[in-house]
Every structure is written in structure tokens, then in C-alpha cells.
Amino acid sequence: MFSILLATALALQPSAPASSVVSPSAEMPLSSEQVLAIPDGLRQTFRKQVIETTRSPSLRLKRLVDFMFDRNGMGVEYEPGATHTVAEIYRTRKANCLAFTLLTVALAREAGLEAYGQQIDRVLSWSVVDKVVLQSMHANAVVVIDDRHFVVDVASNEILASSVQYPINDDRLLALYYDNRAMELMVDGRYAEAKNWLDTALRYAPDDAAFWNNAGVLSQRMGDMAAAEGLFLKAADKGPRLTSAMSNLVAFYRSRGDAERASLWQDRADKMMYGDPFYQFTLGQQKEQKGEYDEAIRHYRRAVSLDRDEELFHFGLARAYFQLGKLRMANQELNQAYDLSNGPTREKYRGKLDALRQARR
């Protein structure tokens with residue numbers, strides 16, 4: 001399972017301008033202290049069930065994770081749109097990957113443990129919401145004990161010892177929270193509120209190209225085309241490999257009849273996307289859903305050639321081969337996915353391998 005982090009947006013077409021007036025009941029950005037604040041009720045329960053039960057850092061980490069997942073503790077459940085503060089998670093028991101990371105970091109520090117966030121720096125999936133393509137990424141938390149790093153993830157209640165590839169500081173983690181809320185508000189058509197949240201995200205991470213791209217999408221939806229162009233260009237300048245900004249510039253210049261500049265940015269985008277394994281994987285998924293399995297295989301194989309260590313790519317290839325009756329090749333790819341996986345995901349693949357062996361008899 002992958003949790004959703006709305007990292008970058010692509011505009012398919014502008015919407016009608018929304019009102020720039022913020023009503024008295026409008027949602028305004030929270031302070032960083034409010035985002036991470038632990039409510040008194042949660043603090044008391046957490047101290048009783050976790051902190052006061054042991055002085056061992058390792059046991060505290062284990063009990064912290066149990067506390068977050070178990071119904072006797074918080075019983076947190078995953079929900080893609082739940083970009084919540086710690087207090088909101090306590091009230092609703094819902095969190096997406098980013099909110100769960102905030103919760104983990106806050107509670108780990110409350111327990112005297114070193115903790116910080118991690119943003120998985122690659123696009124895991126694409127979706128279309130209200131004429132906006134949202135690229136989904138992932139975040140989780142890292143807890144450090146005796147120089148060992150342990151990953152805590154909403155996708156699993158297992159604690160995994162791991163090398164850390166994408167650490168982020170608190171400012172970056174908070175910026176992601178503000179950007180997430182901005183994108184959710186934008187999709188809801190609450191543009192003026194979204195701008196306030198996105199401006200806050202940019203104050204925390206002024207050099208983040210994805211946030212400037214999102215600001216361009218928001219300006220476009222608010223009807224300010226001049227601002228949108230400048231923001232897309234700024235995003236492309238700050239992030240030369242940010243395909244979402246390139247794609248938005250292509251669409252922008254096409255809408256204005258500027259074929260020369262549209263072609264220029266299209267060439268740059270095509271080169272980048274051909275080398276993006278998760279983009280190729282997403283194209284494979286789209287073809288698979290349409291029943292175009294030969295085309296799906298072509299994209300999945302391209303994804304595998306770019307990143308042979310991603311289990312999802314092998315699993316997608318196995319599904320497509322299976323649909324075409326190529327059971328030997330499906331078995332081979334499924335075995336690859338199994339070898340690259342761990343925990344509950346590995347058990348899922350084991351079951352599919354058993355079913356495939358039965359089908360081959």
C-alpha cells in the first residue's frame with residue numbers, strides 16, 4: 001500500500017476564476033506549534049501506556065508503534081485525504097502518510113527518542129481530480145536508536161531497520177504539510193484559502209520547485225495567466241528535472257497558440273519522462289486497465305530497465321503476462337517481486353505465486 005502525498009500538480013485546463021475574498025470562517029494556516037502540538041489527553045494516555053512502562057529506547061519505540069496502530073491505543077487508520085495535525089489525528093483516528101509521519105515524530109520526541117521525517121523522492125502514482133493531475137509521493141518517519149535507523153510507516157505496523165535515503169528536516173516536513181493542505185483546498189475550489197497555505201509552504205521551503213509549480217497551477221485556476229507563466233518558469237528554473245513544470249508550460253503555451261515554445265518544452269519533457277521509471281509504470285497501469293496488455297508490457301519493461309529493484313514494476317509485468325497467458329514469464333516476474341519484497345507484501349506475493357503454480361498445472 002502506498003500513502004498519498006500530493007507533491008506536484010499538473011493543470012489540464014484552467015477553471016473559472018474563483019473569488020479572492022477570504023470569508024471569516026475560512027481555513028487559515030496553522031502555526032508549526034499547532035501542527036505538532038500533542039493534546040493533553042493524548043499526552044497523558046501516551047505517557048501511561050508507553051513512556052512509564054519502560055526506560056529502554058528500543059521497547060519505547062516498539063510500544064510507540066503498537067500504541068499508534070492498536071485499538072487499545074490510538075488505532076490510527078490510513079485515509080488518503082487526511083492531512084491532519086497531531087490533534088486532528090487524535091480526534092479522528094485517521095491519517096495519510098504525511099500526517100502519520102508528523103504524529104510519529106511528535107510522539108517519538110515526547111518519548112525522548114530522536115526522530116525526523118523522510119520524503120521518498122519519486123512519484124509513486126498519478127491521479128486526476130477535478131481536471132488536475134496529482135502526482136503522489138510518500139513520506140514516513142525515521143527513529144534513531146544507538147546509531148541505528150528504524151523506519152516507521154503507516155503502510156505497516158512493522159518496525160524496519162533501514163538505511164535512510166531521503167531525510168528531511170522539520171522545516172521541509174512542515175512545508176509538505178502546508179503544501180498538501182493547499183492542494184486539497186485547491187481541488188475543493190477554495191482558491192484564496194489554498195493560496196494562504198501555499199504561501200506558508202513557500203516560506204518554509206522557498207527553493208522547492210514543486211511548490212512553485214503548484215503555485216502556478218493555483219494562479220492559473222484563479223485566472224491569473226501572467227502569474228502562472230512566471231511561476232511555471234520559476235519552477236522549471238529551480239527544478240530542471242521537474243517534469244510537471246515542463247508539462248504545465250507545454251499546456252500553457254499551446255493554449256496561447258505559441259507552438260514554438262510549446263514544442264521546446266515538450267521536447268524537454270519527453271526526454272525526462274522517458275527516463276522516469278514511475279511515469280513508465282503509470283503508463284503501464286493505464287494500458288493494463290484498458291486491456292491493452294502488449295502496450296502495458298512495453299511500459300512495464302521500460303520501468304524495469306530503469307529500476308530493477310522496484311517490486312511494483314515486476315508485479316505489474318507479471319499481471320500483464322498472466323493476462324496474455326504467458327504463465328512462465330508471469331511466474332518469473334512474480335518471483336522477482338517476491339524476492340524484492342518483505343513483510344505483509346511478501347506474503348501477498350507468496351499467495352499469488354501459489355495460485356499461479358496451480359494455474360500452470
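Twelve of the 14 residues of helix 5 are buried, so this helix is largely enclosed by the rest of the structure. The model described here is a predicted one, and its protein chain contains 16 helices and eight strands. Of the 361 residues in the protein chain, buried residues make up 51%. When contacts between residues at least 6 apart in sequence are considered, 59% of them join residues at least 24 apart.

**Helix 5**

- The buried residues of helix 5 are C97, L98, A99, F100, T101, L102, L103, T104, V105, A106, L107 and A108.
- Helix 5 covers residues 97–110, and its 14 residues reach 20 Å from the first C-alpha to the last, which is close to the 20 Å expected at 1.5 Å a residue.
- Just after helix 5 comes G112, a residue that takes a positive phi of about 80°.

**Helix 6**

- Helix 6, made of residues 170–187, has 18 residues that should span 26 Å at 1.5 Å a residue, and the 26 Å between its end C-alpha atoms agrees with this.
- Just after helix 6, G189 takes a positive phi of about 80°.

**Nonpolar cores**

- In soluble globular proteins, nonpolar side chains tend to be buried together.
- The largest nonpolar core in this model has 46 residues, and those with the most contacts inside it are Y177, Y178, M186, L198, F211, L218 and W265.
- At least two residues of this core come from each of helix 5, helix 6, helix 7 (191–204), helix 8 (209–221), helix 9 (225–238), helix 10 (243–255) and helix 11 (259–274).
- Helix 6 gives the most to this core, supplying ten residues.
- If neighbours within four places in sequence are left aside, L198 is in contact with D179, A182, M183, F211, N214, A215 and L218.
- Another core, of 32 residues, lies apart from the largest one, and V50, V86, C97 and A139 are among its members.

**Aromatic pairs and charges over rings**

- A pair of aromatic rings is described by the distance of the centres and the angle of the planes.
- The count of aromatic pairs in this model comes to nine.
- One of these pairs is formed by F252 and Y253, whose rings are edge-to-face, with 5.4 Å from centre to centre and 80° between the planes.
- Both members of this pair, F252 and Y253, are buried.
- F281 and Y300 form a pair that is tilted, with 5.7 Å from centre to centre and 40° between the planes.
- Because F281 lies in helix 12 (residues 277–289) and Y300 in helix 13 (residues 293–306), the pair ties together parts that are 19 residues apart in sequence.
- F281 and Y300 are both buried.
- Ring pairs also link Y177, Y178, W197 and Y204 into a cluster, and Y177 and Y178 are listed with the residues that have the most contacts inside the largest nonpolar core.
- K234 lies over the face of W212, at 3.8 Å from the ring centre.
- The charged end of R319 sits over the ring of F315, at 4.9 Å from its centre.

**Two buried glutamates**

- E229 has its place in helix 9, and with a relative accessibility of 15% it counts as buried, because the cut-off for buried is under 20%.
- Leaving aside neighbours within four places in sequence, E229 is in contact with L249, F252, Y253, R256 and R261, and two of these residues, F252 and Y253, form the edge-to-face pair given above.
- E310 is found in the loop between helix 13 and helix 14 (311–323), and it is buried, with a relative accessible area of 6%.
- The side chain of E310 reaches the backbone nitrogen of L312 at 3.1 Å.
- E310 and Q336 are 26 residues apart in sequence, and in space they are 9.3 Å apart from C-alpha to C-alpha.

Key
Residues numbered from 1 in each chain as written. Predicted model: local features only at pLDDT ≥ 70, side-chain atom pairs only at ≥ 80, totals over all residues. Heavy atoms only, no water. Phe/Tyr/Trp six-rings, centres within 6.5 Å; stacked < 30°, edge-to-face > 60°. Buried < 20%, exposed > 50% of the residue type's maximum accessible area, 1.4 Å probe, protein only. Helix = DSSP H or I, 4+ residues; strand = E, 2+ residues; numbered from the N terminus. Lys NZ or Arg CZ within 6 Å of the ring centre and 35° of its normal. Expected span 1.5 Å × (residues − 1). Polar contact = N/O pair within 3.5 Å; in protein donor to acceptor, adjacent residues only side chain to side chain. Core = buried A, V, L, I, M, F, W, Y, C linked by side-chain atoms within 4.5 Å. Contact = heavy atoms within 4.5 Å.
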